[in-house]
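This is a walk through one protein model, by way of its side-chain contacts. Please keep the sequence and the structure in view while reading.

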Amino acid sequence: MVYEIQIIPLKVPCYLVKTGSGFFLIDTGDSSDCAYLEKALGQAGVTPGNLKLVLLTHGDFDHAGNTAFLRQKYGTKITMHAEDVEMVKRGDQGWNRKARADRVTLFGKIIIFVSSQFVKPGSFNPFSPDLIVNDGDDLSKYGFEAKILHLPGHSKGSIGVLTADGDLFCGDLLMNMFRPEPHFMIDDMADFHASIEKLKTFRIRTVYPGHGKSFLMDRFSSGVRAF
């Protein structure tokens, strides 16, 4: 399988995958980064008609904030899991989550506080996805040799995209701000552990997380038992 991965370094990294049939964008970032994202896509050669799919790993604003704009500009189709759809339709990322998450680290609490005080998010334009994806769905019919993995934990509708070559785009299941580890906010620990166990059944080479730098899956495996 031949494809290229370009990391678009917004507040949240977006991943642009180029295959022989066109482009696939995994997550869209916060809408305050819209102009930068549009410029990066243009420089990469994305035009109306060749952006085949936008794949949202979950419904949080910092991952889905530019989605409505991209559909309007490029005529692309938006895909996500059903369990997070109401988040983006209502503009409410607390929807379908617990009133109090099972795990929020001290680092997470600091990030949440700092973000609320000093980082002004862009306005979020609600939307409805065009396609609902489920665990095991094959993306090869769109020209991307990859499949969908349902990976709840951070949210009920979180998904990953696993390529035939073993590259995993995992959304906010894992992150790598300082080291490979679980995201600082886990809504449901039982779901999280089930998702980690699922990952062990696949051959995964490189992980592209929703926050931080990519890493080899082997770097995380040794620390799984701690969570």
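**Side-chain contacts in a predicted model**

E197 has a relative accessible area of 45%, so this residue is partly exposed. The model is a predicted one. E197 forms a salt bridge with K200, and the closest N and O atoms are 2.9 Å apart. K200 itself counts as exposed, because its relative accessibility is 53% and the cut-off for exposed is over 50%.

The structure has 14 salt bridges. Another of them joins K198 to D135, with 3.1 Å between the closest N and O atoms. This pair links distant parts of the chain: K198 belongs to helix α6 (residues 189–199), D135 to the loop between β7 and β8, and 63 residues separate them. K198 is partly exposed at 23% relative accessibility, and D135 is partly exposed at 43%.

The bridge between K89 and E86 has its closest N and O atoms 3.7 Å apart. Both residues are in helix α4 (residues 85–90); they are three residues apart, so about one helical turn separates them. K89 is partly exposed, with a relative accessible area of 41%. Elsewhere, a network of salt bridges links K98, D102, K156, D188 and D191.

The structure contains nine aromatic pairs. In the pair of Y15 and Y208, the ring centres are 5.5 Å apart and the planes meet at 70 degrees, so the pair is edge-to-face.

F24 and F144 form a tilted pair, 5.0 Å from centre to centre and with 35 degrees between the planes. F24 lies in strand β3 and F144 in the loop between β7 (131–133) and β8 (146–150), so the pair ties together parts that are 120 residues apart in sequence. F24 has 0% relative accessibility and counts as buried; F144, also at 0%, counts as buried. Together with Y3, these two residues form one aromatic cluster.

Helix α3 (residues 67–74) has T67, L70 and Y74 as buried residues. Viewed down the axis of α3, the buried residues fall within an arc of 60 degrees, so they line one face of the helix. Their cover includes β3 (22–26), α1 (34–44), β4 (51–55), α2 (61–64) and β5 (77–81). K73 lies over the face of Y74, 5.5 Å from the ring centre. Just after α3, G75 takes a positive phi of about 65 degrees.

Note on methods: Residues numbered from 1 in each chain as written. Predicted model: local features only at pLDDT ≥ 70, side-chain atom pairs only at ≥ 80, totals over all residues. Heavy atoms only, no water. Buried < 20%, exposed > 50% of the residue type's maximum accessible area, 1.4 Å probe, protein only. Helix = DSSP H or I, 4+ residues; strand = E, 2+ residues; numbered from the N terminus. Arc of directions from axis to C-beta. Contact = heavy atoms within 4.5 Å. Phe/Tyr/Trp six-rings, centres within 6.5 Å; stacked < 30°, edge-to-face > 60°. Lys NZ or Arg CZ within 6 Å of the ring centre and 35° of its normal. Salt bridge = Lys/Arg side-chain N within 4 Å of Asp/Glu carboxyl O.
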